[in-house]
Each structure stands twice: as C-alpha cells, then as structure tokens.
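Take a slow walk through this protein with the model open beside you. We will go from the overall layout to the sheets, then to the rings and the cores.

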Amino acid sequence: MMRLVVTILLLMTAVGCQEGMEAHDLALASRGKVEKVMVPIKEPEAAPTLVKAEPLELTVVLNQYYLDGVTETTEVNETIWSMMDFWAEYEGWTLESQAVDRVVFSRKVKDISPLTKKQGYFGLTEAGELAVFQGLPSQGKVMESFKPVPVQPLESKRKLELEKGIKIKSYTHFKQVLERYSDQDVV
C-alpha cells in the first residue's frame with residue numbers, strides 16, 4: 001500500500017510540476033488539503049514584422065561605362081527572395097541610386113564597347129576632327145558618346161586613310177590610332 005502511495009505522489013509531482021504546482025502544494029494535495037486549479041498559460045503576442053511574406057519585385061538598371069565613351073544600359077525585372085543573394089549577385093557593381101522598387105548599378109569596363117568593336121570606324125568629321133563613327137565615315141554618323149578630337153597635321157596618305165575609315169578592332173588598336181592621330185592625351 002505504501003508503494004502505491006509513493007507511486008501516486010511521484011506521478012502527482014511530475015504532473016504538478018508540469019502544470020505549475022509548487023512542491024509544497026503537492027505535499028498538501030497528497031493529504032487532500034489543497035484543491036488543484038488549472039490556470040491557462042497566456043501565449044506571448046507575436047511581434048509585428050517588417051518582412052513581407054512574398055518576394056520583393058525590383059527593377060534593376062545596369063549602366064556599363066566603356067573606355068570609348070559609350071554607355072550601355074540594361075534594365076531587368078528581378079524577383080528577390082533573399083537580399084543577401086541579391087547583393088552578392090551584384091558584388092562587382094557600384095550602387096548609383098536606390099528607391100523602393102528600383103535599384104541602379106554601374107561599373108566601368110576596361111574595354112571598348114561591343115558596338116564600337118562591331119561597327120566602329122575612325123574617321124574625320126567635316127570640321128577635320130578625329131571621331132568614331134558608327135559605320136563608315138562616309139555615312140556621317142558620329143557616335144554620340146565620343147567627342148571629336150583635334151588631329152595632328154596629317155600627310156596625305158594618313159588623311160586618305162581616315163577619310164575612308166579605319167576599322168576599330170580592339171581597345172589596343174583604338175588606343176594606338178588615338179595616339180597616332182591625336183594631338184591630345186589618349187583615353
């Protein structure tokens with residue numbers, strides 16, 4: 001009988017401690033002197049959060065500034081689930097501006113633009129200045145981003161070369177032509 005009482009007391013102790021009863025209350029309860037009352041535990045209120053449950057939609061503008069003066073702009077709509085991943089994706093870029101739904105990044109590219117590589121020609125403007133043309137100089141379309149450069153006095157062979165147009169092959173070639181024909185510092 002004594003074992004039964006001890007077992008019941010141990011069970012009541014375990015249950016009582018789980019339900020918030022003190023040890024001395026259990027001793028009194030075992031003698032029938034304390035009435036057990038269940039008090040509901042109040043759950044703490046959840047703190048409000050500023051994090052949205054859905055992903056962030058952003059317009060990302062990428063400006064690439066090339067050595068030949070051309071600026072290439074790309075606009076991309078991005079769905080962002082993790083800001084850490086987003087910032088890591090644009091690690092080599094410089095943040096120009098940021099708004100709620102738009103981020104503008106830029107970077108300087110140590111090369112001439114793909115447009116200049118594909119369609120660029122050195123030639124002379126009507127004023128006799130060295131310029132980069134989109135297409136042959138005879139078409140007369142100077143690239144907007146490239147400022148004409150005054151040229152050194154030219155021998156007739158060199159002048160004829162520029163009037164026909166010199167195809168731009170690479171940044172090194174671009175730099176060499178500027179050095180050869182320009183009387184100003186090179187890019």
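The protein has six helices and seven strands. Here helices (H or I, at least four residues) and strands (E, at least two) are DSSP runs, numbered from the N terminus. Along the sequence they follow the pattern α-α-β-β-α-β-β-α-β-β-α-β-α.

Some ground rules come next. This is a predicted model, in which local features need pLDDT of at least 70 and side-chain atom pairs count only at pLDDT 80 or more, while totals for chains, interfaces and linings use all residues. Residues are numbered from 1 along each chain as its sequence is written, and side-chain values use heavy atoms, with hydrogens and water left out.

Of the 187 residues in the protein, 28% are buried. Buried means under 20% relative accessible area, exposed means over 50%, and partly exposed lies in between (1.4 Å probe, protein chains only). Now consider contacts, meaning heavy atoms within 4.5 Å. Among the contacts with a separation of 6 or more, 47% are between residues 24 or more positions apart.

Start with the sheet of four strands. What is the order of its strands? It is an open sheet that reads β2-β1-β4-β3, and its pairing is mixed. Two strands pair if DSSP finds at least two bridges between them. β2 (71-80) and β3 stand at the edges with a single partner strand each, so one side of each has no neighbour in the sheet. From one strand to the next, the twist averages 25°. Angles run from 0 to 180 degrees between N-to-C directions, and axes are lines fitted to C-alpha atoms, for helices over the stretch in contact.

Look at the pairings inside this sheet. Strand β1 (residues 56-66) runs parallel to strand β4 (residues 102-109), and eight bridges join them. Threonine 59 stands opposite arginine 102 in β4. Asparagine 63 stands opposite serine 106 in β4. β4 also pairs with strand β3 (residues 94-98), in the antiparallel sense, over four bridges. Glutamine 98 has valine 103 in β4 as its bridge partner. A hairpin of three residues takes the chain from β3 to β4.

Next come the aromatic rings. Rings of Phe, Tyr and Trp (its six-membered ring) pair if their centres lie within 6.5 Å; planes under 30 degrees apart count as stacked, over 60 as edge-to-face and the rest as tilted. The whole structure holds seven aromatic pairs. One of them is stacked: tyrosine 90 and phenylalanine 105, at 4.8 Å centre to centre with 15° between the planes. Why does this pair tie together parts that are 15 residues apart in sequence? Tyrosine 90 lies in the loop between α3 (83-89) and β3, and phenylalanine 105 lies in strand β4, so the pair links these parts. Tyrosine 90 is buried, at 7% relative accessibility. Phenylalanine 105 is buried too, at 2% relative accessible area. Ring pairs link Phe86, Trp87, Tyr90 and Phe105 into a cluster.

Move on to the sheet of three strands. It is open, in the order β6-β5-β7, with antiparallel pairing. Its edge strands are β6 and β7 (166-167), each pairing on one side only. β5 and β7 are joined by two bridges. Phenylalanine 122 stands opposite isoleucine 166 in β7. Helix α5 (residues 156-164) lies across β5, β6 and β7, at about 130° to β5. Lysine 167 lies over the face of tyrosine 121, at 5.5 Å from the ring centre. A charge sits over a ring if NZ of Lys or CZ of Arg is within 6 Å of the ring centre and within 35 degrees of the ring normal.

Now the cores. In soluble globular proteins, nonpolar side chains tend to be buried together. A nonpolar core is a set of buried Ala, Val, Leu, Ile, Met, Phe, Trp, Tyr and Cys residues joined through side-chain atoms within 4.5 Å. The largest one has 15 residues, and Phe122, Leu162 and Phe174 have the most contacts inside it. β5 (120-124), β6 (130-134) and α6 (171-181) each supply at least two of its residues. α6 gives the most, with five residues. Another core lies apart from it, with nine residues, among them Val60, Ile80, Tyr90 and Val103.

Methionine 143 is found between β6 and α5. Is methionine 143 buried or exposed? Methionine 143 is buried, with a relative accessible area of 5%. Beyond its neighbours within four places in sequence, methionine 143 is in contact with Val70, Leu115, Thr116, Gly120, Val132, Phe133 and Gln134. Threonine 116 is 27 residues away along the chain, yet the two C-alpha atoms are separated by 8.9 Å.
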